[in-house]
Amino acid sequence: MTAPALLDIRGLSIRLPEGADRPLALDGFDLTVERNEIVCLVGESGSGKSLAAGAILRLLPEPDVRVGAGQVLFHGTDVLKLPMRAVRELRGRRIAMVFQEPMTALNPQHTVAQQIDEVLGVHTRLGRRDRHRRIVEILDAVRIPDPERTMHAHPHQISGGQRQRVMIAMALVLEPELIIADEPTTALDVTTQAQILKLIRDLQDRFQTGVLFITHDFGVVAEIADRVAVLQNGLKVEEGPARRVLDRPEHAYTRALIRAVPRLTPPPPKPLADRPVVLAADAVSKTFRPRALIGVRRPPVAAVKAASFELRRGETLGIVGESGSGKSTLARCIVRLLDSDDGRILLDGADLRTAPRSVMRARRRDIQIIFQDPMASLNPRKRVQDLIAQGPIVLGTPRPTALAQARELLALVGLSPAAAERFPHEFSGGQRQRIGIARALAMEPHVIVADEPVSALDVSVQAQVIQLLTNLRERFALSLLFVTHDLRVAAQLCDRVAVMQRGEIVEQGVTAMVFQAPSHPYTRDLLASVPGRDWQPPLLADDADVVPDAIA
């Protein structure tokens, strides 16, 4: 007889509460994962990916969201019928989960060592010394630098990439047979992302582990997957070997998703050298000087070091680099949300850095910012039309005129004017980002600073927002300063790029030239770390009869 699959999901249906957009989050879902195999589950937000993962470990928010039918067989045993005591024995020991956001999954009051030690204490009878040795071993296995020191740190004291490694260490410390990884690399830089993907692949080979990897990034799929399953509105619409699905997708929905993936090859450069400079940074610097903590003086942090660039009318300049490189700090200095320490910030020839607050308030009409997380930057207690009209009203536009303009802007960014009366929480992430763009446009600026505006969006929504920004730039001759760590996005949107490392701009130039022949080692490392860099999305014909969920 053939041995049962490591994981075999059969006919799984998950019910949603009344009033949801559909009755079933998953409808008749089938999937298998074998030992030493990585299966990627792909789909947009709301497709049911994370709920499928939660059902495997009985982590659904019951009774509002619950399994309606089906089986989840682990080595042939239905997990859904096991008593909770047996399920708790499975969790961590034989099936482990790596969550998307480590800061919400890790206890902020416990050190790294305490959190891993809890797993060992619950599932093993190892003594204190043996547990300590095992913690150091697993932190070293996931390539945490200086494990003996890091194990005594709290989550907020280590970087995002290190926190994700700690989550993986917790998942692997008992050498489970199955790992469920729920978007573990979504918010990471390309270099950290590449390291995490290689780590998962290496550890899978070492321990012969099965991996169910949930993602919406087809670059990650190209880098790591053996097989791919595609979810749309709770239905599995396609499944097959990774290379076949990536290069020859059969279902129209899969084709639409892959068509939305930005290509890493930039288009030919546009002639922009004769256009006037609207924004220039000249040796801008910013150093943070933390306050002493319990008598311990902490060294100053040079976040931006003598950064210089020029932005021409109608041009998009990309600021790229890893987290901590100073990109967002530089962007906030440019719009005076932070005061820089030195240098000049010239907007249409006038220095913003030394401008009095009263003058700066008037100049905010000319330079606006779009934030990474629109939900954190939109007041949840105000209606959308009031959020968009707020800036013009403050600067003297009559309220009826400003509200009428707000409704026109909603139509311009692809939202119904009826959305004007709704609140931010009533929209999807992509729609909220469109509201953020409309709010910036309401001031009729010359320059828009966009700080990672598409990093958390699904690939199809990302493509829509990128196209929207491109169209608006052409229509209004806008200049964009676009901060991103996604080099695929930078390749398609940015005319020129400036690469930041440890606060310094180490290379800048025309995007096509920098990507084709990078001169700085750091730039070469960034480009070499892009997931799926050797895979280019195939040129597919348009399927007019299908639109991805988030676009519809």
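1. Arginine 133 and aspartate 130 form a salt bridge, with their closest N and O atoms 2.6 Å apart. The term salt bridge here denotes a side-chain nitrogen of Lys or Arg within 4 Å of a carboxyl oxygen of Asp or Glu. Both residues belong to helix α5 (residues 128-141), where they are three residues apart, about one turn of the helix. Helices (H or I, at least four residues) and strands (E, at least two) are DSSP runs, numbered from the N terminus. Arginine 133 counts as partly exposed at 45% relative accessibility, and aspartate 130 is partly exposed at 31%. For these classes, buried means under 20% relative accessible area, exposed over 50%, and partly exposed in between (1.4 Å probe, protein chains only).

2. On the basis of the note: this is a predicted model, in which local features need pLDDT of at least 70 and side-chain atom pairs count only at pLDDT 80 or more, while totals for chains, interfaces and linings use all residues. Residues are numbered from 1 along each chain as its sequence is written, and side-chain values use heavy atoms, with hydrogens and water left out.

3. The whole structure contains 29 salt bridges according to the search. One of them joins glutamate 223 to arginine 533, the closest N and O atoms being 3.5 Å apart. Glutamate 223 lies in helix α9 (residues 218-224) and arginine 533 in the segment after α21 (521-528), so this pair ties together parts that are 310 residues apart in sequence. Glutamate 223 is partly exposed at 35% relative accessibility, and arginine 533 is partly exposed at 34%.

4. Arginine 244 forms a salt bridge with glutamate 250, with the closest N and O atoms 3.7 Å apart. Arginine 244 counts as buried at 15% relative accessibility, whereas glutamate 250 counts as exposed at 62%. A network of salt bridges links Glu37, Arg227, Lys236 and Glu239.

5. The largest nonpolar core has 60 residues, of which Ile116, Leu139, Ile168, Phe213, Phe218, Ile224 and Val228 touch the most other members. Helix α7 (residues 160-172) gives the most to this core, with seven residues. A nonpolar core is a set of buried Ala, Val, Leu, Ile, Met, Phe, Trp, Tyr and Cys residues joined through side-chain atoms within 4.5 Å. A second, separate core of 52 residues includes Leu264, Ile370, Val384 and Ala442.

6. Helix α4 (residues 112-123) has twelve residues; at 1.5 Å a residue they should span 16 Å, and the end C-alpha atoms are 18 Å apart, which agrees. The expected span is 1.5 Å times one less than the number of residues. The buried residues of α4 are Val112, Ala113, Gln115, Ile116, Val119, Leu120 and His123. Neighbours within four places in sequence aside, isoleucine 116 is in contact with Ile135, Ile138, Leu139, Ala169, Met170 and Val173; contact means heavy atoms within 4.5 Å.

7. Glutamine 433, in helix α17 (residues 429-441), is buried, with a relative accessible area of 2%. Not counting residues up to four places away in sequence, glutamine 433 touches Ile370, Phe371, Gln372, Pro374, Pro453 and Leu457.

8. Alanine 273 is placed in the loop between α11 (252-259) and β11 (277-288) and is exposed, with a relative accessible area of 68%. Alanine 273 and leucine 480 are 207 residues apart in sequence and 16 Å apart in space, C-alpha to C-alpha.
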